[in-house]
Every structure is written in C-alpha cells, then in structure tokens.
Amino acid sequence: MKQLMTGNEAVARGAYEAGLTFASAYPGTPSTEILENMVQYKNDLYCEWAPNEKVALEAAIGASIAGARSMAAMKHVGVNVAADPLFTFAYTGVTGGCVLVSADDPGMHSSQNEQDNRNYATAARVLMLEPSDSQESKDYMKLGLELSEKFDTPVMLRMTTRVCHSKSLVSLEDRVETALIPYEKKIAKYVATPANGKALRRKLIDRLKSMEEYSNHAEINHVEYNGSEVGVISSGVAYQYAREVFGEDVSYLKLGMTFPMPMAKIKEFAGKVKKLYVIEEMDPYIENHLKMAGIPCIGKELIPEMDELNTDIVRKAIFGISTETIQSEKEAVVRPPALCAGCPHRGFFYALKKKKNIIITGDIGCYTLGSAAPLSAMDTCICMGGSISAGHGAAQALKKNGSDLKVVSVIGDSTFFHTGINSLMDVVYNKGNSVTVILDNRITGMTGHQENPGTGFTLMGDVAVEVDIPLLCKAIGMKEENVITINPLDLKATDQALTAALAKDEPTVIIAKWPCILKKFSEQDKKEFDLTPKKCEIDQETCKKCKSCVRTGCPAISSGDQIIINPDSCTGCSICKQVCPFDAIREVK
Amino acid sequence: MSEVKNILLVGVGGQGTILASKILSEGLSQAGYDVKMSEIHGMSQRGGNVSTQIRFGKKVYSPIVGKGEADVIVAFEKMEALRWIEYLKQGGKMVINDFEIPSVPIQQGIAKYPEGILEELLHKAKASVFKAGEIASELGNSKTMNIVLLGALTKAMDIPGIDWEEVIRNNVKKGFEEINIKAFRAGADQVA
C-alpha cells in the first residue's frame, strides 16, 4: 500500500527504515517537519532540537563517530551556520553513516535569501543526492546513509521547498536495525591537526575518484532515451517541470546524484543528442560542470537564474508559449502576513515605535513583522542572531563618531539561544551601550511552535531544564539592575523600561515575556500568565474615529464607516484599549 | 484518463483548506490515481493567503499547477477567487464561498475591498457561488464550512467511483463524522 507523504515525512521515514538512531535539527522552513515527523519513531530512535544548526551537525558528527547512523536537518541558511564543522567532517569521514539534509527555498517563500546549496557539495567535497519527489526523498535518505558508510564521507541530501512540502505516493518498508559499530580510537582520522589534516586531504581526493566512478554507474543517474533530436539534463523538482514540458519525445538524463557529477555518463548522453538543454533551478550548477568539460548546452541563457521554476516558466523560456489565461480588470488587494491579533510583540513594537532618535536592529522570527506598516519599528534584519551584534557594532561606531543616535536590538527567545547569546557577550565584554530586547514568547513561533532550551520541554516531549535568561545575563557580566523583565502587553511598563534603558551608557537587557497567543499553553504558562479568554469591544457612541487603535496594526480591528473589533479574532490583549484617547474601548467577558 | 486534472483550493490561513485538500487527495489516491499535492507553509498562519494545489491522473510530474491549467478552483474567500482566476483553464469551473475577509491594507483603510467581485467572476467563468459558512452554521457546526466546500468541489469535479463519504469518515475527528457528511451533501447540492 502506498501512502501520500510530503518529502519531509518521507525523509523521516527513510531515516527510520535505515536503522538511524540519532537525529538533530534546528527548525527552519521548509525543513522543520522532518524532525517533527521523527518523533513518531521515538521508540526506535533518538531525536532532538539543537539550539542552532552548527550544534545539530556537530551532534550528528559525534553520533557517527560513536558508530551510529545519524543525520542533521536544516534550511539552506542553516548550512551557513553549520559550514565550519561540515568542511572538516568532509576530511575525517564517518564511522556510522551520516546525512546532512539541506532544504533550500528557491523563490524565498519563507527565507531572507535564496541560495543554491549544491555549491556546498562542491566546495566541501561531500557526496550529494537530490530527490525530486517523496518516494525519492525516502529512497535517497536510505541510500545516503549507505553511501556515507561505503565511501567514508558525509552525504548531503539537498531538498527544495516543493520537494519538502509536496505530497506524493510512497511505498513503505520495514525498519532494518543497524548495530552500533564498535568504537575504536582513531586519532589520525578524527583529530584534525594540520599534520593529520594533510593526510586526510589526500584521502579526500582519492575518495572523490571512487565516488565519481560510482556516480557514472549509479542507477539514480538515469537515462531515458527517446531519440537523438533533443536531450534534457535535470535534477530535483526541476526535472518534474522539464519532464512535463518536454514530454515523451525527447531524451532525459535525470540526475539523482549531483556531486560528484557523472561526467562520463553526461559526455556519453551529450554525444547521443543533437541539442542539449540543462533545466535547473537557481544557479547554473549542472551547466557549469558541462561547460568546464567543454560540453555545449543551453541553460541559463533561457532559464531564469533566480526564483523557483514551474512548468509555465520552463515552457515559455524554451518554446516561447504561454497558456491562455482568464484575466480580470479588477485587482485583488495584497494579503501580507501580519502579527496575529493578541500577539505579545504588538505591544512592544507599539511602545518602541514612539521612541525617537534610535536605530532598531531586528532579527529572524515572527517579530520581523514589526517592520511592517503601520508599526514600521525595525531598521535591519540580516541573519539569525545578527540583531545584537550588528546593533553593538552600530552603537560603538555611532559613539566613536560623536552621534547621539542610540541602538535597540530586538531578538526572539529561540533566536537568542541560537546565536544571540554570543552577540550579547560581545556587548558586555566590549562595554557596549545598546539596548537588547529579548521577546520571550515561550516558544519558537515562526516555524510553527517548536520547543527550545527556554520552553521546559524537548522535541520528544520530555520535561527539560529551562534556560534562566536573567541569570544567564548576569553570568556573562550584566549588572543586575540592567536586566529587567516586563509584560509587553503593558504599554506603560514597556515604555518606562525602554526610556530607562536608553538613558544608560552601558549594556541593558529587557526581557519582554508573554506566551505566543497561538501556543498550546503549558501548565506553567497558565500559572505564570493571566491567559483567561477576554474580548475588547468599541463603544460606538464614545468612539471619535481617531483610528489610534487602527494604528496598532491589529488584524482584529477594521476601519470603515465604523471602527470595529472582530470578536472572533480578538483575544482581549487590550493594546487597543490602552491606546484609545477617549476610553471608548472596554473589556468584555 | 490519460490527462492530468488540476484542482486549486485557495483561501486565507485558518479556513481549513488543508483538511479539505487532505481528504480530496486521499480519496483520489485510494481510487488508484497518481496524486501530487503541494502547499506553501510558513507565514500563512499570520493572515496571509494560502493555496493548496492538487494534481491527479495516470502519471503526474510537476507538483504545481500552471496558469490557465486549473480544471476547478475552490475559493474559500471571494477576493482569493479573483486573485487566482488566471490559473483557471478556459472552460474550467469555480466554486466560490460568498465570504469576505479583508486584508490588513483594507482594515487599515489604505485599500478598499474590491466591489462587484462575484458579478465579475460569474461573467468570466462558470461559477457556483454560495455562503458555505451559513450552510455549515445552519447544520449546527460552522467549522464544517470546509467540508461544505469540499462537497461542492467533488460534485464539480465529477469523478465517478469514489466513496467520498467513506473517505470523510476516515479523516475527520471521531464523533464528528455525521455532521461532516451532512455538510458534504449540503455542499454538493449547491452545484448544478
């Protein structure tokens, strides 16, 4: 019986079937559901959320060295964070098979950039597999663990949004247990000193030759020969688009293993067709390999180098044909995402927006939406953890140059644990004066509510020790009076905390603590916060339509002939009530 | 059936498009079709628009539907029907929930919810328009709105040999089977 599965579910299933016993990840769209789906197999394997991707990969490396099959999963930008261990791991190789899942996001559906992580495989020289649907996601995960052990190399399983989040049919198999490989001390293999590193480097070059030999004969680099007129080389989901657009009458070389590239097979295929196309998303990765080998092909001169592809784009690029469409003169209004009704970040950003003469460095999470109108209370967002360090650099440069601008750095709880802690040490150690605000909503919000070191629970549902953020701040050298915890739904308290912090010429931390309104509240949440359901209502007779409440950007409030609060979406957070100058808003049960 | 059929479910985060598309794709795969279903996760929970794409046939390659290729579009919200109309095939059908959810720029008073959407859509395409939410509420559970729309969709798709009610029984919460089946039938009655 086949089952409909997303690529992410299939990766988790493949890892389970292959007898894997250790998995670690940091959540990030489109990779998050891989580890969420591992939990169902927790009687047979161990899985965890790591504080960041570097930690996740290092933990997977450790599990491999200890003799177990292991994996780490992350979104494309997470591999940047994990790149340091990755490059040396390529030298040392593995004991138990180890797969790094990189989930790229062409088209930036939920990411700050678009990057083609196939380039990491060539740069680090690790074997790479690219599934194009859910069945392949499962099969390649299993194959990846086998090839990792066969060639003594980490394997990168490169997914993309459409492979991760599309469902297609998958045949399931039983789990085959793999015994832990008995531990042996291998100093020359695993201690990457310069002397050992040089020897490992030579081995890596030899390994590349045997991997390329395998790639040339691998079944997953598959030729479908339908004649000599036109040939198409493709990989990943781009193959699905190409296969649909070009149809039955052209020949295909579908690449499942894209590093090392099967150059002999490619040359042979190219020699059998008169015209050769390379259809791939983002970078000219396959195309460049062909061009370096002197194989003529048509690729990025027709196919866009950015954004995700689809059949429309490929058809138009190659054949110049567009499907006829029904057009309307009427235009749908955009529907941009917004902070939810009742989001604790709204109160904080509303108070922050009122402060003048500041630069606000932001970070990655739901709260990046604080940059959207009408709040517009964020000036930068670069990368995970970057708010505090970029803020520190800005603050020091401003101070050195005699500017009176001050800096507020805004970061979420999970992002703070990810890489924000290092940055805060920088502020304290180097006597900065930026204000750090940790928006602690008691969960990893943006990716759909994953546990983290501050929530009190693990991925597998066990009770965990919580990081004590105020104590942590003190431990790295913050003065006790400079670390303050506030309720961000209390606008007055938030404003006072910001005013006091901005007046100081030393590091300050404000912890804005209130649970995400969409979160499933824990017993502790219910004890610590007043989460009883409430609603706010506008008294239309008192309302002067000044729109102060509308300017909080709350999606429960609509402005028309009357200003109305939608009772179905209002959670009674009372931010609108606090900003109303006419006392026209009241709380109702 | 050698050709591939394309279905789009479009709406706003939280309207229940995911469950409806799950039931749809389960039913199709049990009937022996190759099925691919694609959805975009991420920021949708925060009030953005959501779309689920379902393709089925003997063999399906691309998991996403191209412009001008959808056989049926089900819009859980009427402005979303307008947004996606260019994906409808010439001669394709629309199932439209006569329901408005203003987006943030509209709530802020920066933009206006377009007027005359239904007239425009009925003029451009073959469409069934009804108030799925009211039908669901009259049946006693407003949350079955998505199943009302699913009932209309399967009627519009006209694929024989699938026991949709059995698929619904296996995919909804225990104790809610009968209300969902009533909702499904009420939805089917809306499509001629």
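**Two chains, and how they meet**

Let me begin with chain B, which has eight helices and six strands, where helices (H or I, at least four residues) and strands (E, at least two) are DSSP runs, numbered from the N terminus. What we are looking at is a predicted model, in which local features need pLDDT of at least 70 and side-chain atom pairs count only at pLDDT 80 or more, while totals for chains, interfaces and linings use all residues. Residues are numbered from 1 along each chain as its sequence is written, and chains are lettered from A and ligands numbered from 1 in the order in which they are written.

Read from the N terminus on, chain B runs β-α-β-β-β-α-β-α-α-β-α-α-α-α. Its radius of gyration is 16 Å, close to the 16 Å that the globule rule gives for 192 residues, so chain B is as compact as a globular protein of that length; the radius is taken over C-alpha atoms, and the rule is 2.2 Å times the number of residues to the power 0.38. Along the principal axes, the C-alpha atoms of chain B fill a box of roughly 50 × 40 × 35 Å. Of the 192 residues in chain B, 59% are buried, a word used here if 20 or more other C-beta atoms, placed from the backbone, lie within 10 Å of a residue's own.

How many residues of chain B are in contact with chain A? There are 49 of them, and they touch 44 residues of chain A, contact being counted if the C-beta atoms of two residues, placed from the backbone, lie within 7 Å. Among the elements of chain B that each supply at least two residues of this side are helix 1 (17-30), strand 5 (88-97) and helix 4 (117-124), but the largest share, six residues, comes from strand 2 of chain B.

Strand 2 of chain B is also joined by two bridges to strand 8 (residues 166-171) of chain A, and these two strands run antiparallel; strands count as paired if DSSP finds at least two bridges between them. Within that pairing, Met37(B) is the bridge partner of Lys167(A). Strand 8 of chain A is joined by five bridges to strand 1 (residues 2-6) of chain A as well, again antiparallel, and there Gln3(A) stands opposite Val170(A).

Turning to chain A as a whole, we find it divided into domain 1 (2-214), domain 2 (221-319), domain 3 (344-528) and domain 4 (535-588), with bounds that come from an automatic or database domain assignment. The C-alpha centres of domain 1 and domain 4 of chain A lie 50 Å apart.

Chain A also holds an open sheet of seven strands, in the order 3-2-4-5-7-6-12 and with mixed pairing. Its edge strands, each pairing on one side only, are strand 3 (46-49) and strand 12 (257-259) of chain A. Inside this sheet, strand 2 (residues 22-25) and strand 4 (residues 70-75) of chain A run parallel and are joined by four bridges, with Ser70(A) as the bridge partner of Phe22(A).

Definitions and conventions. Buried ≥ 20, exposed ≤ 12 C-beta atoms within 10 Å, placed from the backbone.
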